[in-house]
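This briefing is meant for a reader who is meeting the structure for the first time. Please keep the sequence and the 3D view at hand while reading.

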Amino acid sequence: MPTETTALPSSVFFLMFVIFSGAAITATLALYARQAMLIGYIVLGIALGPWGLQLVTEQDAPRIKDIAHIGIVFLLFLLGLNLKPESLLKTLGKTTFVTIASSLIFGLIGATVSFAFGYDTKESIVIGVSMIFSSTILGLKLLPTTVLHHKRTGGIIISILLFQDLIAILMLLILKGLNQGGGFPLMDIALSMLSLPLLGAFAWAFGRYVLLNMIMQFSKIQEYIFLTAIGWCLGMAELAEHFKLSHEIGAFLAGIVLATSPIALFIAESLKPLRDFFLVMFFFSLGAGLNLKVLPDVMIPAIILAALMLVIKAPTFSFLFRQSGEENKHTLEMGWRLGQISEFSLLIAVLAQDMKVISPNASYLIQVATLMTFMFSSYFIVMNYPSPIAVSDKLRRD
């Protein structure tokens, strides 16, 4: 547990040593124990973080999280690279019902449980909203590449995650409006929704008439393609953030623009190691940011919330998929792949606490419940369904 004396931030080299040397050890132990490596990264963060052995201090944890966020941006960029725009629009139209219906169900359950444990109305609403999202990182990282990019199940999962991301952005805008005393920020929401097609139009025009010409002119220089792709991804991510959207949406649009070009496959393969580098840091930061001191106060409601989400989400998604006309064959698997709480829920929890919309206890309730579902869901998927990091040779796919 951290002492009263504030520890100085560690050097970047030391942090990299702690994270990746430790991750190599915990990944080895996880594989020997036939567990998901992601769980090892989270446990490592808890063990070495400010509430464990303190090799990573309270000043270090936010720095690591900020850097690790780049991994999520690259994840969405690579997703866009392998998704044709026409396929995305077709699938989004068919999953609107599933996303809205499931959001209402999970939000109501989360708010009801929170209210029953004594949280006030505003806190219960925020907690309930935090329950509706599924993890983009787990949903995409644990899908085999062939399923993600070439099969209908992958397209459905992607479209639901993107729809949920838009809902999360709306929630973040509302929180900012409440914090500034402006009530419901209808104008900000309207501007954000208007800026999305405008940003998409800009990305398409710039990509087609400028970016692709630049890339094809120097296509024999691999380093140039690699650097240009990273610059395009991060540039669009930052532009989207400027227009009150999110880094993730900007990166996804950047990838979509290049999806039809012959160079898309090379860029995707080149950036995968970079994506995984930052995602290891992301999962480590989740564990390092967990305040163990407040666990006794939130453990019981967190266990109940996490258990309900894990038990209810998969069959609910499966039922809604069938109602929307999907075949029964893969609906339960899709439900399990969407059956956890999201990293967006962690962001909402921290932001709502910083803005004094909810109490620290309500924020930690969301965070602890989310981490519990991360750990169980990744374990269940890796042990039962095909994934790139499955411990069984029969289930390992990429």
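In which helix does Ala-268 lie? Ala-268 lies in helix α12, where helices are DSSP runs of H or I with at least four residues, numbered from the N terminus. The model is a predicted one, in which local features need pLDDT of at least 70 and side-chain atom pairs count only at pLDDT 80 or more, while totals for chains, interfaces and linings use all residues. Residues are numbered from 1 along each chain as its sequence is written, and side-chain values use heavy atoms, with hydrogens and water left out.

**Helix α12**

- Helix α12 runs over residues 264-288, and its 25 residues reach 35 Å from the first C-alpha to the last, close to the 36 Å expected at 1.5 Å a residue (the expected span is 1.5 Å times one less than the number of residues).
- At Leu-271 the helix α12 bends by about 35 degrees, and a proline, Pro-273, follows within four residues; the bend is the angle between axes fitted to the seven residues ending at a residue and the seven starting there.
- Ala-268 has a relative accessible area of 4% and is therefore buried (buried means under 20% relative accessible area, exposed over 50% and partly exposed in between, with a 1.4 Å probe and protein chains only).
- Between Ala-268 and Gly-255, which are 13 residues apart in sequence, the C-alpha to C-alpha distance is 9.3 Å.

**The largest pocket**

- The largest pocket has a volume of about 1,300 Å³, where a volume is the space filled by probe spheres set on grid points that are joined across faces, edges and corners.
- Of the 42 residues that line this pocket, Lys-65, Leu-346, Leu-347, Val-350 and Leu-351 are the closest to its centre; on a 1 Å grid over the protein atoms alone, a pocket is an open set of points where a 1.4 Å probe fits, with protein on both sides within 12 Å along at least five of seven lines, and lining residues have an atom within 4 Å of a point.
- At least two lining residues come from each of α3 (60-81), α8 (152-179), α11 (247-258), α12, α15 (343-354) and α16 (360-384), and α15 gives the most, with eight residues.
- The lining divides into 21 nonpolar, 10 polar and 11 charged residues (Ala, Val, Leu, Ile, Met, Phe, Trp, Tyr, Cys and Pro count as nonpolar, Asp, Glu, Lys and Arg as charged, and the others, Gly among them, as polar).

**Aromatic pairs**

- A search of the whole structure finds 15 aromatic pairs, in which rings of Phe, Tyr and Trp (its six-membered ring) have their centres within 6.5 Å, with planes under 30 degrees apart counted as stacked, over 60 as edge-to-face and the rest as tilted.
- The ring centres of Phe-282 and Phe-283 are 5.4 Å apart and their planes stand at 80 degrees, so this pair is edge-to-face, and both Phe-282 and Phe-283 are buried.
- Phe-317 and Phe-321 form a stacked pair, because their ring centres are 6.1 Å apart and their planes are at 25 degrees.
- Because Phe-317 and Phe-321 are four residues apart in helix α13 (residues 295-323), about one helical turn separates them.
- Phe-317 is buried at a relative accessible area of 0%, and Phe-321 counts as buried at 1%.
- One aromatic cluster is formed by Phe-20, Phe-74, Phe-277 and Phe-278.

**Helix α10 and residues in contact with other segments**

- Helix α10 (residues 222-242) has 21 residues and reaches 30 Å from its first C-alpha to its last, close to the 30 Å expected at 1.5 Å a residue.
- Leu-258 is found in helix α11 and counts as buried at 0% relative accessibility; its C-alpha is separated by 9.3 Å from that of Ala-229, 29 residues away along the chain.

**Positive phi values**

- Most residues other than glycine have a negative phi.
- Gln-54 has a positive phi, near 65 degrees, in the loop between α2 (37-48) and α3, and Gln-54 is partly exposed with a relative accessible area of 32%.
- Lys-244, which follows α10, has a positive phi near 65 degrees.
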